[in-house]
Amino acid sequence: MRTTMKALKIEGKKRLSVVEVPIPEADGEKVIIKVKTSGICGSDIHIWEKGKPEGLIPGHEFGGTVVDSGSRDDLNPGDRVTVIPLNPCGECSWCRNSGYHTCKYSLKRGIPGVTAPGSYAEYFSARPDMVRKLPDTVSDVEAAVVEPATVALHAVNLANIKAGDKVLIVGGGVIGLLCAVWARIYGASFLGMSETNESRGAKALAFGDIHAMFNAKDPELTSTLKKTAKGLFDKAIDCSGSAGGINAAIDVLNHQGTLLLVGISYAPIPVMTLPVCRKEMRLIGDMGYSIPEFEHTMEMMSRGMIDTKRFVDDKIDLDEVQGAFERLSSGNAPEVKILIEPHRGYFPLESAHNVPSEA
Ligand SMILES: [Zn+2]
Ligand SMILES: [Zn+2]
């Protein structure tokens, strides 16, 4: 009887290792999922860099198949699903005001891959009401991209991007690229992106969602931005969390422009407030997404309205993740999105004690 599974754990600063842990047991409540694909997110890399929480299994962007449907009568073993990695209480004032995703108590309650076991493992135990069936037209690869695509949708919604807006996206990682996809759908008339990593920049331009790519290291960056956009920008989305990126955006934004802060900095960073005040700009913090936004993104993907597979560069097994993190954190990796296939490379001879063999 197989009672343990392979998983990746944070072992310390910049250290991840493959460990053997108990397979989550069916309890009639939780939905047990066999993880097929799990995306590597920038926030996983932040956790790895800090080495905290030690012992955490990261991962919150994933797709898989149902092994035990728990309390969900509408699910059956073998169903293809994804999970909204939120754990709101549903009752606090932050939940009631924002639609659950900023729940005041969610970190303490346990967010998958952040403060509770995540999807860098062969199996995952899901809060039943957060499980969503995947449409047949959403592939396993795309299943792992629903979550980051929803992060981007929420950003574009919060920034209130609308037809005719000139938009600057700071940072060409997957969130920046997905913001460009939505901003284009929403009718941005000029879509610029700045990026420090040249190979990523070239790739972003080739994807065709943006009109122009700017080298964020260029000392003339802000004047080049204004010249190319033929004026100031209406909205900017910062996906860098860096002082350089944020200050450049502040410089090129118009009177009453909006700067949306998606990127996260763990340390204080210097921000020039004079132009923010002078132009009465709006600086907006951004976190996660609402449940309806997640469902909307999945629907748009299922109808082929947004193409997310093109952002996935590679699929790797659990043993290769440490190396991938080292590459991705270097600042010059060409990859945008890497998926982990936790079952790849492992051929267990016996089925797990609570896992039907066909799953
Ligand atoms: Zn993520
Ligand atoms: Zn709450």
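**Strand β9 and its neighbours**

Modeller: Strand β8 (residues 166-170) and β9 run parallel and are joined by 5 bridges; two strands are said to pair if DSSP finds at least two bridges between them. Helices (H or I, at least four residues) and strands (E, at least two) are DSSP runs, numbered from the N terminus. The bridge partner of Val167 in β9 is Leu191. Between β8 and β9 the chain passes through helix α6 (residues 174-185), and this β-α-β crossover is right-handed: with the strands pointing away from the viewer, the path from the first strand over the helix to the second runs clockwise.

This is a predicted model, in which local features need pLDDT of at least 70, side-chain atom pairs count only at pLDDT 80 or more, and totals for chains, interfaces and linings use all residues. Residues are numbered from 1 along each chain as its sequence is written, while chains are lettered from A and ligands numbered from 1 in the order in which they are written.

Strand β10 (residues 212-215) also runs parallel to β9, with 4 bridges joining them. Here Gly192 has Ala212 of β10 as its bridge partner. Together with helix α7 (residues 198-207), β9 and β10 make a right-handed β-α-β unit.

Strand β9 (residues 190-195) is largely enclosed by the rest of the structure, because 5 of its 6 residues are buried. A residue is buried if 20 or more other C-beta atoms, placed from the backbone, lie within 10 Å of its own. In the chain, buried residues make up 45% of the 359 residues.

Notes
A residue is buried if 20 or more other C-beta atoms lie within 10 Å of its own, exposed if 12 or fewer, and partly exposed in between; C-beta atoms are placed from the backbone.
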